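Visitor: I would like to learn how to read a structure like this one. Could you take me through some features, one at a time?

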Amino acid sequence: MTVFSAYSDEEMATYLQEQVKDGTVYTDEKTLKKQSFNPNATGGETGLARAFVEVGSVDDIQGVLRTARKFHIAVIPQTTFSSTVIGSDGIAGAIILSTRRMNQILEISKEDSVAVVQPGVVNGDLDQEARKQGLFYAPDPGSKPFSSIGGNVSTNAGGMSTVRFGATKDNVLGLKAVLADGRVVKLGGRTLKQAFSYDLTQLFVGSEGTLGIIYEVTVKLMPIPLGKSVMGVAFFKDMGALAAGVTAVRMSGVYPTMLEALDGNTVVALDRYEGTHYADNSGSMLIFRLDGSSDESVGVLNDLLAQHDAQNVKVTTDPAEQKALEKLRQDMLPAVFSGNNHLMEDMAMPLSKLAPMMDFLQDLGKELGIKIYTAGHAGDGNVHPTFTWSEDEDEVPAVIIEALRKTFWKTLELGGTISGEHAVGMLKNQWNNPELGETVDLLQHQIKTLFDPMNLLNPKRKID
């Protein structure tokens with residue numbers, strides 16, 4: 001059957017160019033390939049976009065959306081393009097709308113303890129600027145040095161300090177966005193409490209660009225804690241024992257800032273990567289941090305670790321040694337990924353089910369004969385198992401797919417979620433019904449239709 005459009009590609013490109021006054025429109029193949037296919041995501045190339053637009057203003061955003069409505073073209077929001085779940089890769093014939101050029105910190109208010117930023121501001125840059133005024137921005141995903149606030153909001157990014165300060169959603173007070181029909185909305189504000197309306201601010205947090213294009217975000221800032229910072233490591237016989245120790249520490253009242261877990265496989269990989277000898281301790285490693293701590297809280301922590309049979313506990317207040325421990329945690333992923341094809345997952349468990357999940361993953365690797373490296377933010381129940389296979393295999397092996405499916409079903413059986421902080425994208429959009437149930441699955445589609453009736457914004461992502 002012959003199908004032809006009312007408009008030529010040249011006409012659509014010319015119209016788009018006319019709508020973007022403050023930004024830049026790219027249609028060259030080199031740029032389109034670079035911005036359409038994210039090497040951080042697992043799933044292969046999904047399609048070459050027709051245009052990549054770096055917007056410079058709200059007017060540009062409205063112009064791109066005007067073009068999309070006129071020609072029925074999908075729009076893929078992007079900032080730093082670091083999604084691991086095919087959440088911002090190109091779709092064939094789509095327009096990629098990048099807000100990375102909108103990267104200004106508009107305000108840091110010490111009096112109100114807030115910052116107002118554009119979506120392209122890098123998380124770590126905001127934190128550094130806030131610290132110059134005695135404040136800090138708490139959410140700290142592993143991508144902190146390069147991921148943007150806009151992307152963090154769209155995915156509800158978490159991180160190592162979530163155990164104490166919450167995820168991105170707990171630190172967003174308000175935002176401004178352009179809807180698919182071009183209307184501008186202001187949601188929330190800069191007050192620490194707000195009980196007037198339906199909480200549309202939180203509806204946008206984690207929406208993965210499917211409801212509107214965020215162009216301004218107001219976030220909470222925290223005062224830098226007084227007192228000393230303490231970091232350390234402890235070793236346990238396995239991840240189940242580590243999880244039990246973490247639960248005791250978390251409930252003790254010492255308020256840890258970081259409780260990071262690494263299983264034995266991961267520790268061996270780190271030793272290989274760093275030239276260290278942590279695996280000589282055997283078992284699993286816990287990296288912990290207390291900020292604004294006292295001698296009493298450090299004493300309580302040490303007592304609890306001893307009660308749960310932690311071995312080779314080391315505690316330090318030395319900044320250089322703390323920096324080395326932070327680097328150890330940051331190098332965990334490159335250490336695990338080195339020499340392997342890999343797929344890192346992202347489940348969050350009820351705290352009481354963390355140990356059973358850790359045990360399940362250990363048994364699953366043995367059952368299927370595959371190497372699983374398990375780490376995670378143990379303090380908030382976030383588990384990151386990495387499934388690896390030979391670099392010689394281009395396609396994801398059937399045994400890895402089987403392992404993923406069994407892991408997801410076990411997560412749901414234990415009352416967890418299959419996405420703690422990495423979002424859904426296209427990697428998990430077929431799991432809405434199992435995780436949410438038919439009624440909530442349908443409600444999600446109805447909400448999407450209300451905000452984006454033409455289904456132009458990041459289609460097939462988050463929900464299918």
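Guide: Let us begin with a pair of facing residues: Thr-374 stands opposite Pro-385 in strand S19. Strands here (E, at least two residues) and helices (H or I, at least four) are DSSP runs, numbered from the N terminus. This is a predicted model, where local features need pLDDT of at least 70 and side-chain atom pairs count only at pLDDT 80 or more, while totals for chains, interfaces and linings use all residues. Residues are numbered from 1 along each chain as its sequence is written, and side-chain values use heavy atoms, with hydrogens and water left out.

Visitor: Which strand is joined to S19 by seven bridges?

Guide: Two strands pair if DSSP finds at least two bridges between them. Strand S18 (residues 371-377) is joined to S19 by seven bridges, and the two run antiparallel. Their hairpin has four residues between the strands, and Gly-381 there takes a positive phi near 75°.

Visitor: What other strands pair with S19?

Guide: Strand S16 (residues 341-344) runs antiparallel to S19 and is joined to it by four bridges; in this pairing Asn-341 stands opposite Trp-389. Strand S17 (residues 347-348) also pairs with S19 in the antiparallel sense, over two bridges, and Ala-348 has Asn-382 as its bridge partner.

Visitor: Is S19 largely enclosed or open, and why?

Guide: Buried means under 20% relative accessible area, exposed means over 50%, and partly exposed lies in between (1.4 Å probe, protein chains only). Eight of the eight residues of S19 (residues 382-389) are buried, so the strand is largely enclosed by the rest of the structure. In a regular strand the side chains alternate between the two faces of the sheet. Both faces of S19 are covered: Asn-382, His-384, Thr-386 and Thr-388 are buried on one side, and Val-383, Pro-385, Phe-387 and Trp-389 are buried on the other.

Visitor: How do I read the order of strands in the five-stranded sheet?

Guide: Read the names across the sheet, neighbour by neighbour. The open sheet runs S5-S6-S10-S8-S9, with antiparallel pairing. Strand S5 (105-109) and strand S9 (184-188) are the edges, each pairing on one side only. On average, neighbouring strands are turned by 10° against each other, direction ignored. Helix H4 (residues 123-131) packs on this sheet, touching S5, strand S6 (114-117) and S10 (contact: heavy atoms within 4.5 Å). The direction of H4 makes about 40° with that of S5; such angles run from 0 to 180 degrees between N-to-C directions, with axes fitted to C-alpha atoms, for helices over the stretch in contact.

Visitor: How many salt bridges are found in the whole structure?

Guide: Side chains of opposite charge can pair when their charged atoms come close. A salt bridge here is a side-chain nitrogen of Lys or Arg within 4 Å of a carboxyl oxygen of Asp or Glu. The whole structure has 25 of them.

Visitor: Where in the chain do Lys-176 and Glu-216 lie?

Guide: Lys-176 and Glu-216 form a salt bridge, with their closest N and O atoms 3.5 Å apart. This pair links distant parts of the chain, with Lys-176 in strand S8 and Glu-216 in strand S10, 40 residues apart. The two residues also stand opposite each other, in strands that pair in the antiparallel sense over six bridges. Lys-176 is partly exposed at 26% relative accessible area, whereas Glu-216 counts as buried at 16%.

Visitor: What about Arg-131 and Asp-127 in helix H4?

Guide: Their side chains meet in a salt bridge of 3.1 Å, N to O. Arg-131 and Asp-127 lie four residues apart in H4, about one turn of the helix. Arg-131 counts as partly exposed at 42% relative accessibility, and Asp-127 as buried at 8%.
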